Amino acid sequence: MRYKLDETRKTGRRTRTSHAQVVDELGKAIVAGTYPVGSILPGDTELAQRFKVSRTVLRETMKTLAAKGMVVAKARVGTRVTEKNLWNMFDSEIIAWHFDNGVTEEFLLQLYDIRLAFEPFAAGLVTERANAEDIEMLRGLALEMAAAGHTADSLALADLRFHLAIAEASHNPFMRTLGSLIEAALVGMFRISTPPSENGFANIADTHMRIVDAIVSGDSSAARRAMEDVILDGRHHVHEAFVARGSEAVIGSISAAISPL
């Protein structure tokens, strides 16, 4: 399993190809509304001059954005920005571009809605499918959250590792695809909140250990409830943080941490 936040902390933002750079710039611009829904993107000649890339790179860029559901090419018309309901919101880059533009409380709470729909069920699956190695890993990750001296970033990383390990231990490959959503929700929560010692995160190891204990006992209902409690607690912290900030959007900071699995 690859931990993207961990990798970014070690290496910084990855060196990207020309194709990736153009995808990133155009994707950010579309999310920011520089190119609003329904608008036609500039032509190849203009974009090639702006980004100093070949037409081949531009064609691959448009294919990538089209695969994300963000644009559609029309003969003799050009490349049009699609309605937002067609965008693949499970795509890690699209999530990162929203953070670059500044995400609202509504956006983060919607991430928690999706987590509530999937993660408690995943915890229930773990009670049925986890092996001894899985359980040992989960217990160790829960204990890691209790270590002294955590910063908001290091605690977010420890929390992320636990939740990704739950997805992995469910032994359902579809659960693993939720990694980017889980990461965005967790890192967003910790970035907008006050330090762990001041905002109620001190019991985070205990709440996560309850999930592990339920898994060990084979009680899938208890595991689901414990996971639901953890997610609802995080959702509450998001709401309280936005109230304290006066609904100010969260901008940047997370985008370098989120990258494709």
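Q: How do H3 and H4 pack, at what angle and how far apart are their axes?
A: In this predicted model, helix H3 (residues 44-51) packs against helix H4 (residues 55-67) at an angle of about 105 degrees, and their axes are 10 Å apart. Axes here are lines fitted to C-alpha atoms, for helices over the stretch in contact, with angles running from 0 to 180 degrees between N-to-C directions; helices (H or I, at least four residues) and strands (E, at least two) are DSSP runs, numbered from the N terminus.

Q: Which word describes how H3 and H4 lie to each other?
A: The two helices, H3 and H4, are therefore roughly perpendicular to each other, a term that covers angles of 65 to 115 degrees.

Q: And which residues make the contact?
A: Asp44, Thr45, Leu47 and Ala48 contribute from H3, and Arg55, Leu58 and Met62 from H4, where contact means heavy atoms within 4.5 Å. Sorted by class, the contact of H3 with H4 has four nonpolar, one polar and two charged residues; Ala, Val, Leu, Ile, Met, Phe, Trp, Tyr, Cys and Pro count as nonpolar, Asp, Glu, Lys and Arg as charged, and the others, Gly among them, as polar.

Q: What is Lys52 doing with its phi, and where does it lie?
A: Lys52 lies in the loop between H3 and H4, and its phi is near 55 degrees, a positive value in a residue other than glycine. At 73% relative accessibility, Lys52 counts as exposed (over 50% relative accessible area; buried is under 20% and partly exposed in between, with a 1.4 Å probe and protein chains only).

Q: What about Arg76, buried or exposed?
A: Arg76 counts as exposed, at 87% relative accessibility. Although Arg76 is not a glycine, its phi is positive, at about 65 degrees, and its place is in the loop between strand S1 (71-74) and strand S2 (78-81).

Q: Switching topic, how many aromatic pairs are there?
A: The structure holds one aromatic pair. The ring centres of Phe99 and Phe107 are 6.1 Å apart and the planes stand at 85 degrees, so the pair is edge-to-face (centres within 6.5 Å, planes over 60 degrees apart). Phe99 and Phe107 are both buried.

Q: What is the mean pLDDT, and where does it stay under 50?
A: The protein chain has a mean pLDDT (the predictor's confidence in each residue, from 0 to 100) of 87, and 85% of its residues reach 70 or more. Values stay under 50 over residues 6-14 and also over residues 253-261.

Q: Which conventions apply?
A: Residues are numbered from 1 along each chain as its sequence is written, and side-chain values use heavy atoms, leaving out hydrogens and water. Local features need pLDDT of at least 70, and side-chain atom pairs count only at pLDDT 80 or more, whereas totals for chains, interfaces and linings use all residues.

Terms used. Parallel < 35°, antiparallel > 145°, perpendicular 65-115°, else oblique. Phe/Tyr/Trp six-rings, centres within 6.5 Å; stacked < 30°, edge-to-face > 60°.
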